Amino acid sequence: MTNFHRRSILVLGLFLCSAMRSTAAGTVPVRIALSDAMPPISFMEHGQANGMFREMLEALFEQAPGYRAEFNAYPWARAQWLLQNHQMDLFLTFPSQDRRKYAEFTRQAVFTLDYGNLVYRAGNSNADKILAANSFEDLRSLVFISQDMVAWEKENVPPFISRYSVHNPAAIMHMAYQRKTGDFFIMPVEQAIYYSNMLGYRKQLAIRKVDFIPNSQVPFHIGVRRSYSGGEQLLATLEAAMKTPGFQARRRAIEQKYRTLATAQAPQSGASRLK
């Protein structure tokens, strides 16, 4: 055997050993796609994915040996397209019927957002109808400001409700408070407070909690693209991680952190009401 062949075999052996140690050390990468425009839940900050969902997933992957989370934030339509086209591996979202066509989801939700809120402008001439509504039928004459590509809205807001569609939550706020092109929208309180403060609509913010919105407690599950090699094992590992005391404690702390932020930012003006 020549020195060249000996060196080649040695290099190959070192490579294989390194690969085995890398996998054992938990460095198998999982590319995670998050929304870049849903603060404080999920957003882009200084070129990095940030927000509550990233913190939740970081805490979860700490309890998932064998994997390393790589976070990326994109416009939500693009994030979903990247997953469908094998360029991302995992997302955290509502497991709609359309998404189930290309992704397999965990049985357990990582987090649940409360969408049971009608958000509107305090000076809206139709505010009395919003305050008195006991069903979507009572809102038939009003205009709902919706967001494109949000499957939950499509599945839970009746089609007889007139819609004005925009691309992102900031645009929803502008349409409701500045342009006045619609009467109400549906949003978690944390997100509504965040955007009202950021965009200067704090004094106009009004929110009414209602109980007639179907599926208002929106579960966010982990979805892994069906074409991902080893997807079943990844899902099983993450489902087990969700049950660990370590993750449960971290999740409670993260939830409390973001509830505290929302409470601290809550509007104080009498013109801005939480109903």
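I took helices (H or I, at least four residues) and strands (E, at least two) as DSSP runs, numbered from the N terminus. The model is predicted, so I noted the rules: local features need pLDDT of at least 70, side-chain atom pairs count only at pLDDT 80 or more, and totals for chains, interfaces and linings use all residues. Residues are numbered from 1 along each chain as its sequence is written, and side-chain values use heavy atoms, with hydrogens and water left out.

**Strand E6**

I looked up E6, residues 90–93. I then checked its pairing, which takes at least two DSSP bridges between two strands. E1 (residues 29–35) runs parallel to E6, with 2 bridges. Ala33 has Phe91 as its bridge partner. E14 (residues 217–225) runs antiparallel to E6, with 4 bridges. There I found Val224 as the partner of Leu90.

**Largest pocket**

I searched for pockets on a 1 Å grid over the protein atoms alone: open sets of points where a 1.4 Å probe fits, with protein on both sides within 12 Å along at least five of seven lines. Lining residues have an atom within 4 Å of a point. The largest pocket holds about 550 Å³. Of its 32 lining residues, Ser35, Met38, Trp76, Gln147 and Val150 are the closest to the centre. E1, E6 and E14 are among the elements that each supply at least two lining residues. H6 gives the most, 3 residues.

**Second largest pocket**

I read about 240 Å³ here. Its lining includes Gln80, Arg99, Tyr102 and Lys154. H3, H4 (97–100) and H6 each supply at least two residues.

Technical notes: Buried means under 20% relative accessible area, exposed over 50%, partly exposed in between (1.4 Å probe, protein chains only). Grid points are joined across faces, edges and corners, and a volume is the space filled by probe spheres set on the points.
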